[in-house]
Amino acid sequence: MPKLFFVKQERPEKARLLCQLTEHFFSRNAQRILIYLQEPEQAIALDRFLWTWDKASFLPHGYDSGAVDCHSEAIVITSREDNTNNADILIMGNPCSTDFIQHFNEVIDLAEVYEDTLANQSRDRFRSYRESGFAPEMLTL
């Protein structure tokens, strides 16, 4: 069972938070990371932003469109529930299925607290994870 963390997203700036999380986990131990976003357009935009968001940062990554082999990439951005780079860490820009997240050592979900409806959905996911046997924790960077 993976360690499951929630990180508060207090502003609707998801791309910046995803970059910060990626840098945090990659620099910690350079394990492989999979970043999941529901829409391909979001994944493409994050792929571009990850190259430029911080001039002092270098995060080797690729976008898995399904057309290019990404299994050797340290960081992969995808909109499919497919762990193409055998990542140990899953960072969810959007929720994934419980079956999918069970294949990782660590999973990071976003508690989108900047808007009431999204905050309630985050609370529901937190409860659902507990009911599924996970022990979700809040993580502060």
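**View 1. Ala87 and its contacts in a predicted model.** Ala87 touches Arg32, Ile33, Leu34 and Phe104, leaving out residues up to four places away in sequence; contact here means heavy atoms within 4.5 Å. This is a predicted model, in which local features need pLDDT of at least 70 and side-chain atom pairs count only at pLDDT 80 or more, while totals for chains, interfaces and linings use all residues. Residues are numbered from 1 along each chain as its sequence is written, and side-chain values use heavy atoms, without hydrogens and water. Ala87 is buried at a relative accessible area of 4% (buried is under 20%, exposed over 50%, partly exposed in between, with a 1.4 Å probe and protein chains only). Between Ala87 and Ile33, the C-alpha distance is 4.9 Å, although 54 residues separate them in sequence.

**View 2. Glu106 and Arg28.** These two residues form a salt bridge, with the closest N and O atoms 2.4 Å apart (the rule asks for a side-chain nitrogen of Lys or Arg within 4 Å of a carboxyl oxygen of Asp or Glu). Glu106 is buried at 9% relative accessibility, whereas Arg28 is partly exposed at 38%.

**View 3. Arg80 and Asp64.** Here the side chains meet in a salt bridge of 2.6 Å, N to O. Arg80 is partly exposed, at 32%, and Asp64 is buried, at 3%. Salt bridges with shared partners join Asp64, Arg80 and Asp82 into one network.

**View 4. Arg125 and Asp109.** Look for another salt bridge here, 2.9 Å from N to O. Both Arg125 and Asp109 are buried.
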